[in-house]
Amino acid sequence: MKLKKIMALALSAAMVLSMSATVFADDKVETVTDGKLTVATSPDFAPYEFYSIDDDGNPTLSGFDMDLAKYIADKMGLELEVIPMDFDGVLSELSQKNVDLGMAGLSPDPAREDAMDFSDLYYMGGQSFVSVKDKADQFKSLEDANNSDYSIGAQTGSIQLDLANKNTPDADIVSLPKVTDLITELLTGKMDGAFIETAVAESYQKNYPDLEILFEVPYDSEGSAIGVCKGNDGLLKAVNAAIKDALDDGSMDKFIADATELAAGQTYEGVLDDNGAVPETDDDAEDAE
């Protein structure tokens, strides 16, 4: 009897292990590179993603998107690989399935659904119209900005560019690859106003007090989501589960607080040079950061 009981327990244990192995096998998520979670980002969007510069001038890729990316990779037991690029490149690489995720403060725009799947929202933000203090009185509403005499900017390929075309079609709309470029144009008087994500605008305003956030811009799909490689349902499920955990356990709140603090310090926004250093030739706004 004793021997039979031991054999029964051993058999039960083997069945449990077998079932566990099946579960893990079924839950295994396919990624572009085995063992890695590959994430494309555009590091010119503080506090989402940017380079924090230490006292020795060394850049570190930072931001609450990057903290969340590491959190997700750890939850999935994968090594994180982040590939910085321009915003347009993030959308392109994701649509071509060259990367697993796109994390760049993405809005879940239905127009992008053919190119990617969207995770659940992990951050609720808004959209703003931004100018400088000397020009603030010129813009009491979006209707005031819809004037051919004004140069109005937005980042190339972004939701903000769609908002500019929708709300200020009569203005001279200028599309630039980086938010930093928009800030430079505003500060030097070459641009009159710009559409910028609210949290990002607030971050820049801390470094450049002459910037003025004039008013919120109506937008139906407020909030940020992660772009997920189209058709990878297992990856989407795992990402959503990690987002839920990060929101529930307070990690996301910490990521946002840490990124906001870092973004108020010395930063660089844009892609580093081939040596992984801040390029020596930068525009005025970047030099001032």
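This note walks through the predicted model point by point, from the whole chain down to single residues.

1. **Ground rules.** The model is predicted, so local features need pLDDT of at least 70 and side-chain atom pairs count only at pLDDT 80 or more, while totals for chains, interfaces and linings use all residues. Residues are numbered from 1 along each chain as its sequence is written, and side-chain values use heavy atoms, with hydrogens and water left out.

2. **The chain as a whole.** The chain holds ten helices and 13 strands. Helices (H or I, at least four residues) and strands (E, at least two) are DSSP runs numbered from the N terminus. Of the 289 residues, 49% are buried; buried means under 20% relative accessible area, exposed over 50%, and partly exposed in between (1.4 Å probe, protein chains only). The accessible surface of the chain is about 14,000 Å², and carbon and sulfur atoms own 51% of that surface. Such areas come from the Shrake-Rupley method with a 1.4 Å probe, and for residues only the protein chains shown count as cover.

3. **Contacts along the chain.** A contact here means heavy atoms within 4.5 Å. Among contacts in the chain with a separation of 6 or more, 73% are between residues 24 or more positions apart.

4. **Nonpolar cores.** A nonpolar core is a set of buried Ala, Val, Leu, Ile, Met, Phe, Trp, Tyr and Cys residues joined through side-chain atoms within 4.5 Å. The largest one has 46 residues, and the members touching the most others are F64, L68, L101, Y122, I196 and I226. Another core, of 16 residues, lies apart from it and includes F139, I152, I159 and Y219.

5. **L101 and strand 5.** Which residues does L101 touch, not counting residues up to four places away in sequence? They are L37, T38, V39, A40, L94, I226, G227, V228, L235 and V239. Strand 5 covers residues 101–106, and six of its six residues are buried. Two strands pair if DSSP finds at least two bridges between them. Strand 1 (residues 36–41) runs parallel to strand 5 and is joined to it by two bridges, with A40 opposite G102. Strand 12 (residues 225–229) pairs with strand 5 in the antiparallel sense over three bridges; there, A225 is the bridge partner of L106.

6. **V239 in helix 8.** V239 belongs to helix 8 (residues 233–248) and is buried, with a relative accessible area of 0%. Beyond its neighbours within four places in sequence, V239 is in contact with I72, L101, S119 and I226. The C-alpha atoms of V239 and A69 are 9.4 Å apart, although 170 residues separate them along the chain.

7. **Helix 5 and Q160.** In helix 5 (residues 159–167), the buried residues include I159, Q160, L161, L163 and A164. The buried residues of this helix pack against strand 7 (127–132), strand 8 (151–155), strand 9 (172–176), strand 10 (193–197) and strand 11 (211–217). Is Q160 buried or exposed? Q160 is buried, with a relative accessible area of 6%. Its side chain makes a polar contact with the side chain of S158 (3.2 Å). A polar contact is a pair of N or O atoms within 3.5 Å; within protein, one must be able to donate a hydrogen and the other to accept it, and residues adjacent in sequence count only if both atoms are side-chain atoms. Leaving aside neighbours within four places in sequence, Q160 is in contact with Q127, A154, F195, I196 and E197.

8. **L211 in strand 11.** L211 lies in strand 11 and is buried, at a relative accessible area of 2%. Setting aside neighbours within four places in sequence, its contacts include V130, V132, I183, L187 and Y204. From L211 to I183 the C-alpha to C-alpha distance is 8.3 Å, and the two are 28 residues apart in sequence.

9. **Aromatic pairs.** Rings of Phe, Tyr and Trp (its six-membered ring) pair if their centres lie within 6.5 Å; planes under 30 degrees apart count as stacked, over 60 as edge-to-face and the rest as tilted. This rule gives eleven aromatic pairs. Y71 and F255 form an edge-to-face pair, 6.0 Å centre to centre with 70° between the planes. Y71 lies in helix 2 (residues 64–76) and F255 in helix 9 (residues 251–263), so the pair ties together parts 184 residues apart in sequence. Both Y71 and F255 are buried. Y204 and Y208 form a stacked pair, 6.4 Å centre to centre with 20° between the planes, and both are buried. Ring pairs also link F129, F139, Y150, F195 and F215 into a cluster.
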